[in-house]
Amino acid sequence: MNDRLRSAGERTVRGRPVSAGPTAMQTEAMAKISPARSAAFAILTEVGAGRGHSDDLLCGSASSARMDNLSPENRNLMTALVMGVLRWQIALDAHVAKLLARPDQRLAEPVAIVLRMGAFQLLHMDRIPVHAVLNESVEMCRAAGQPHASGMVNAVLRKLSTTITTTQNLSAQRPIHESTFAFAERLGHPGWLVERWVAAYGREAALAICEYDQHEPCRGALFSGNDEAAIMPDEGSVPQMDDGSRLVAEIATAAMPTTMTAGYKARVWDCCAAPGGKALIMALRLSNAEILATDENARRLALMAARFRRYAFARQVKCSVADASAVLPESLQDAYFDLILCDVPCSGTGTLARNPEIRLRLQPQDLARQSIRQRAILSGALRRLAPGGRLVYSTCSLEAEENELVVKAVTQNAGLRLIPVESLIASLASKGVLRQEVSARLIGSAVKGDTLRTLPGVNGCDGFFTAVLERNN
């Protein structure tokens with residue numbers, strides 16, 4: 001459904017110069033579309049074209065004045081439509097394809113987006129009247145310069161509304177047993193990716209991951225039985241971040257070597273620090289350490305530095321543009337660190353609930369490319385690790401190529417040893433950072449050998465991998 005429809009009508013519309021502006025028909029149609037749906041369509045178009053990420057387009061630096069001027073109700077609807085369509089796009093396309101006159105029909109991207117938005121509202125937003133969905137979907141086709149497709153859009157969505165109108169109906173029609181590819185499609189995930197998870201973690205865990213990814217993640221879920229916060233310090237001082245990232249940062253602080261002499265000021269390096277949440281946690285916990293936060297992207301680093309200035313306890317954090325995999329700036333070439341957090345860029349397959357478009361872009365070959373980059377960063381960071389120092393390697397990926405295999409490839413015969421992460425989690429409980437029952441649950445379900453592996457839907461947070469390495473003296 002992502003391919004362009006090869007029709008004479010489309011060629012006519014595309015031949016019109018952009019500078020000419022919208023036609024009278026388009027202008028009239030735009031006036032009939034609610035601000036929320038119009039904004040959601042624009043954002044989904046940008047995301048589909050690879051011109052932005054959903055979080056940035058919804059509320060980040062790329063959020064336009066038009067988004068900011070939406071009423072709270074329209075903003076909520078816009079966000080629900082964007083995130084919902086991205087989470088369910090694979091399943092929505094499959095539903096729509098079955099209702100087309102020719103299931104293999106290639107649709108223009110604006111038409112595909114209109115159909116996805118309409119199908120999502122019919123299947124997952126039962127408080128929206130069917131007539132509102134149908135009417136505005138038709139007008140969106142016209143406003144997007146696709147009037148020839150408006151009749152087809154109306155017919156497909158009308159047919160969908162009479163067959164399945166809620167996700168409850170959809171669940172009721174589920175077969176007793178589904179193949180991996182069947183439940184992957186039903187839950188909006190690429191079949192090849194879910195097949196990997198079944199092989200690595202088992203069918204039930206893979207199903208739990210897919211189901212978790214289809215909902216808005218809740219902060220605090222990892223640390224609560226009945227919505228009770230497990231983090232004990234003053235929450236007003238703790239940066240807002242998801243539970244998985246918070247856990248990695250807390251483990252990093254617990255990994256600080258304790259054999260240093262009195263009066264020694266430890267040196268800490270967060271080598272892939274943006275957006276800065278983990279560095280803030282380390283600054284909060286390690287008040288006597290000198291902390292360096294680096295990132296290769298100057299723009300992201302500037303935003304991170306501005307974020308640090310909002311916290312008094314982050315004054316000891318210094319920022320610098322640096323690529324950990326390359327030659328460091330002259331000021332850092334002779335620097336060695338007692339603690340390094342190496343939270344590397346990755347595929348992000350453990351964060352699909354909050355970054356749904358990843359599943360629409362990721363290809364199997366991307367994992368090998370990510371692995372090469374990760375090995376280079378880890379190798380570069382290890383060159384700056386002091387004797388007796390510790391390095392925390394982490395990703396938000398569920399894939400072995402980016403986790404265990406990277407650690408194994410880089411650390412063989414490198415004078416390093418794995419520190420059991422179980423002992424660090426237990427120490428967080430002993431300090432009152434984690435409640436005892438939370439610590440026990442993590443140790444029982446997320447610790448694999450000496451490393452940590454959280455799974456969405458299984459451990460109550462995003463998927464993270466963490467390994468702690470210590471350099472021999």
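This is a predicted model: local features need pLDDT of at least 70, side-chain atom pairs count only at pLDDT 80 or more; totals for chains, interfaces and linings use all residues.
Me: Why is the pair Arg 87 and Glu 216 called a salt bridge?
Reply: Their side chains come to 3.0 Å, N to O. The cut-off is within 4 Å, for a side-chain nitrogen of Lys or Arg and a carboxyl oxygen of Asp or Glu. The pair therefore qualifies.

Me: What makes this pair a tie between separate parts of the chain?
Reply: Arg 87 belongs to helix α6 (residues 72–99). Glu 216 sits in the loop between α13 (203–213) and α14 (243–254). The two parts are 129 residues apart in sequence, so the pair ties them together.

Me: Why does Arg 87 count as buried?
Reply: Its relative accessibility is 6%. Buried means under 20%, so Arg 87 counts as buried.

Me: Why is Lys 32 called partly exposed?
Reply: Lys 32 has a relative accessible area of 45%. Buried needs under 20% and exposed needs over 50%. The value for Lys 32 lies in between, so the label is partly exposed. Its side chain also meets that of Glu 28 in a salt bridge, at 3.6 Å, N to O.

Me: How do you know that Glu 109 forms a salt bridge with Arg 116?
Reply: The closest N and O atoms are 3.4 Å apart. The limit is within 4 Å, so the pair counts. Both residues are buried. Together with Asp 93, Glu 109 and Arg 116 are linked in a network of salt bridges. The whole structure holds 21 salt bridges.

Me: How do you know that the span of helix α8 agrees with its number of residues?
Reply: Helix α8 (residues 130–143) has 14 residues. At 1.5 Å a residue, it should span 20 Å. Its end C-alpha atoms are 20 Å apart, so the two values agree. After α8 comes Gly 145, with a positive phi near 80°.

Me: What makes α8 mostly covered?
Reply: Of its 14 residues, 10 are buried. Among them are Leu 134, Val 138 and Met 140. The cover includes α2 (24–30), α3 (35–48), α7 (109–124) and α9 (150–163).

Me: How many of the residues in the protein chain are buried, as a percentage?
Reply: Buried residues make up 53% of the 473.

Technical notes:
Residues are numbered from 1 along each chain as its sequence is written. Side-chain values use heavy atoms; hydrogens and water are left out. Buried means under 20% relative accessible area, exposed over 50%, partly exposed in between (1.4 Å probe, protein chains only). Helices (H or I, at least four residues) and strands (E, at least two) are DSSP runs, numbered from the N terminus. The expected span of a helix is 1.5 Å times one less than its number of residues. Contact means heavy atoms within 4.5 Å.
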